[in-house]
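Here is a quick tour for someone meeting this structure for the first time. Have a look at the fold before reading on.

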Amino acid sequence: MQDETRSVPARPERALLDLLGLAARARALASGTDAARQAVRDGEVRCVIVAADASPTQAKKLVPLMEARGVRFFTCLSRESIGAATGRGPVSAVGITNDSFARRAAELAAALSS
């Protein structure tokens, strides 16, 4: 009998980066602070990953909006690693628009925070 809950892998950071890459290829990401903000405003985003090393200015543009709209967000990873995983340069934030990707990203990001 299989356990219904997914276990978090031993390397949640690598798994989250792999998931972001897959979501980017599936066109289920809004990459960058401005794109993520617009997607949050449009109600398209299910979860946002904000880079831990994002500038305070970038975070200040996005965090109050996500809090006001009730969008889950996590601060983790680096701008470089998010950008590399999604096939771009350094990225301060990515909004995940697909429910399944967002759910799994939230599990992995929460594991990084604990």
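This is a predicted model: local features need pLDDT of at least 70, side-chain atom pairs count only at pLDDT 80 or more; totals for chains, interfaces and linings use all residues.

Let's start with the strands. There are four of them, and they form an open sheet in the order E1-E4-E2-E3, with mixed pairing. On the edges sit strand E1 (29-31) and strand E3 (72-75), each of which pairs on one side only. From one strand to the next, the twist averages 15 degrees.

Strands in a sheet pair through backbone hydrogen bonds, and they can do so in a parallel or an antiparallel way. Both kinds turn up here, as the next section shows.

## Who pairs with whom

E1 and E4 are antiparallel partners, joined over three bridges. If you want a spot to look at, Ala 30 stands opposite Gly 95 in E4.

Moving along, E4 also pairs with E2, again in the antiparallel sense, and this time over four bridges. Here Cys 47 has Ile 96 of E4 as its bridge partner. Strand E2 (residues 47-50) then runs parallel to E3, with four bridges joining the two. In that pair, Ile 49 stands opposite Phe 74 in E3.

Which way do the side chains of E2 point? Cys 47 and Ile 49 go one way, Val 48 and Val 50 go the other way, and all of them are buried.

Helix H5 (residues 99-113) lies across E2, E3 and E4. Compared with E3, H5 runs at about 40 degrees.

## H1 against H5

Two packed helices are described by the angle between their axes and by the distance between those axes. For helix H1 (residues 12-25) and H5, the axes come within 9 Å and cross at roughly 155 degrees. Angles over 145 degrees count as roughly antiparallel, so H1 is roughly antiparallel to H5. The crossing of H1 past H5 is left-handed.

Which residues make up this contact? From H1 come Pro 12, Glu 13, Ala 15, Leu 16, Leu 19, Leu 22 and Ala 23, and they meet Phe 101, Arg 104, Ala 105, Leu 108, Ala 109, Ala 111 and Leu 112 of H5. Sorted by class, that gives twelve nonpolar, no polar and two charged residues.

## H2 against H3

H2 also has a helix partner. H2 and helix H3 (residues 56-69) pack at an angle of about 15 degrees, and their axes are 10 Å apart. Since angles under 35 degrees count as roughly parallel, H2 is roughly parallel to H3. H2 passes H3 in a left-handed crossing.

On the H2 side, the contact takes in Thr 33, Asp 34, Ala 36, Arg 37, Val 40 and Arg 41; they meet Gln 58, Lys 61, Leu 62, Leu 65, Met 66 and Arg 69 in H3. By class, the H2 and H3 contact has five nonpolar, two polar and five charged residues.

Start with Ser 31, which lies in strand E1. Is Ser 31 buried or exposed? Its relative accessibility is 19%, so Ser 31 counts as buried. Setting aside neighbours within four places in sequence, Ser 31 is in contact with Arg 88, Val 91, Ala 93 and Val 94.

The other two have positive phi values without being glycine. Arg 27 has a phi near 60 degrees and sits in the loop between H1 and E1. With 76% relative accessibility, Arg 27 counts as exposed. Leu 77 has a phi of about 65 degrees, and its place is the loop between E3 and helix H4 (79-85). At 11% relative accessibility, Leu 77 counts as buried.

Terms used. Residues are numbered from 1 along each chain as its sequence is written. Side-chain values use heavy atoms; hydrogens and water are left out. Two strands pair if DSSP finds at least two bridges between them. Axes are lines fitted to C-alpha atoms, for helices over the stretch in contact, and angles run from 0 to 180 degrees between N-to-C directions. Contact means heavy atoms within 4.5 Å. Angles under 35 degrees count as roughly parallel, over 145 as roughly antiparallel, 65 to 115 as roughly perpendicular and the rest as oblique. A crossing is left-handed if the near helix is turned anticlockwise from the far one by less than a right angle, and right-handed if clockwise. Ala, Val, Leu, Ile, Met, Phe, Trp, Tyr, Cys and Pro count as nonpolar, Asp, Glu, Lys and Arg as charged, and the others, Gly among them, as polar. Buried means under 20% relative accessible area, exposed over 50%, partly exposed in between (1.4 Å probe, protein chains only).
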